[in-house]
Amino acid sequence: MKRYLAHLISVIVVLASSVICVMAQPILVIGHKNPDADSILSAIALANLKTQQGIPAIPLAQGTPNPETEFVLNACKLDTPSIQTSVSGQRVILVDHSDYLQAPGDITNATVVGLVDHHKLGGLTTDEPIEVWVFPTGCTSTIIARMYASADISPPKEIACGMLGAIISDTLLFSSPTTTQEDRDASVKLARIAGVEDIDAFGHKQLQAKSSIEGISATKLLNQDLKIFDMHGRKVGVAQLELMDISTVATRKDELLSAMETLKAEGYHSILLMLTDIGKQGTDLLVVSDNVRIVESAFELKGIGNSVWLPGVVSRKKQVVPGLLRAFEGDGAQ
Ligand code: MG
Ligand code: MG
Ligand code: MG
């Protein structure tokens, strides 16, 4: 009996210490694959807020920052988060996504303890209750600004600057239809903390960095902001390049289409590339698909071939993905 009790106690001690060990590890805050400015800056901001609240957290990125994010990190004097694509056995907060295909590959072996996002809900499910902040704002950093305010904590100057950069990036300097009043209000407050006197001037410099594509290969441009979706059983990639003026990429369309074909051969039903013109407020949509009719029906168009100009379309999450999901749902046999 004594031996049995001793054994039981040792088992409890081992279990308790492993639980304490996991709890003592900082929470990992991580954005989506092919990270954009919001995914990286929101991870930095939320890790800071949690840490200020006495919950140690560290920001991570699933890939190297793109040129626009580099600009924001440098301008705001922020360090680039460590790059990590495995989170197995860790406690994780997801920012800027909830789709499994955009999360770390082993996310199902991690414990998701929080979600802060402004996209459609992905397929995320959890075993235990979690903290969820999901709102249809223009940017995840706007939601994190709300979290700082509700905790009565102020972001440090550098982080406020980074959050401002994330909002400028996601809302295309407040020109995207995804922009809300809360994004504008948060930007004014963050700019004040960051000491950014002219948001417009800062934003224009940033959008120039976003538009720099010279010397970057077609494959890299395609993968820079590629999001993968499961659309009713079909694997669909929707990439986007947001440029001040898409005439800079006009001569490279064939090269981009051939990179799309190569990517599609990796098991995709369709690859779409949005060449979004921030100045003209529209998108030249390049399409490579097993069934272009599904894509056509998403936009109520006919005979689009491999490219079509969509006036007024600039947002993937609001103006492209919802229609595609409906079109794929209505075409289950294809
Ligand atoms: Mg994003
Ligand atoms: Mg975002
Ligand atoms: Mg974006």
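This briefing walks through the metal site, the disulfide and the ring contacts of the structure above. The model is predicted, so local features need pLDDT of at least 70 and side-chain atom pairs count only at pLDDT 80 or more, while totals for chains, interfaces and linings use all residues. Residues are numbered from 1 along each chain as its sequence is written, chains are lettered from A and ligands numbered from 1 in the order in which they are written, and side-chain values use heavy atoms, with hydrogens and water left out.

**The metal site**

- Four residues hold the magnesium ion (ligand 2): Asp 38 (OD), Asp 96 (OD), His 118 (NE2) and Asp 170 (OD), at 2.1 to 2.2 Å. Donors here are N, O and S atoms within 2.8 Å of the metal (3.2 Å for Na, K and Ca), and since water is not among the atoms, sites may look incomplete.
- His 118 sits in the loop between β5 (111-117) and β6 (131-134) and Asp 170 in helix α5 (residues 157-171), so this pair ties together parts that are 52 residues apart in sequence. Helices (H or I, at least four residues) and strands (E, at least two) are DSSP runs, numbered from the N terminus.
- His 118 is buried at 4% relative accessible area, and Asp 170 is buried at 13%. Buried means under 20% relative accessible area, exposed over 50%, and partly exposed in between (1.4 Å probe, protein chains only).

**The cysteines**

- There's one disulfide, and it joins Cys 76 to Cys 161, S to S 2.0 Å. The rule is a pair of cysteine sulfur atoms within 2.5 Å.
- The torsion about the S-S bond of Cys 76 and Cys 161 is about -70 degrees, so the disulfide is left-handed.
- Both Cys 76 and Cys 161 are buried.
- Cys 139 is in no disulfide, as the nearest cysteine sulfur, that of Cys 76, is 13 Å away. Cys 139 is buried too, at 0% relative accessibility.

**The rings**

- The whole structure has one aromatic pair. The rings of Phe 71 and Phe 202 have centres 6.0 Å apart and planes at 55 degrees, so the pair is tilted. For Phe, Tyr and Trp (its six-membered ring), centres must lie within 6.5 Å; planes under 30 degrees apart count as stacked, over 60 as edge-to-face and the rest as tilted.
- Phe 71 is partly exposed at 23% relative accessibility, whereas Phe 202 is buried at 13%.
- Arg 146 lies over the face of Phe 135, 3.9 Å from the ring centre. A charge sits over a ring if NZ of Lys or CZ of Arg is within 6 Å of the ring centre and within 35 degrees of the ring normal.
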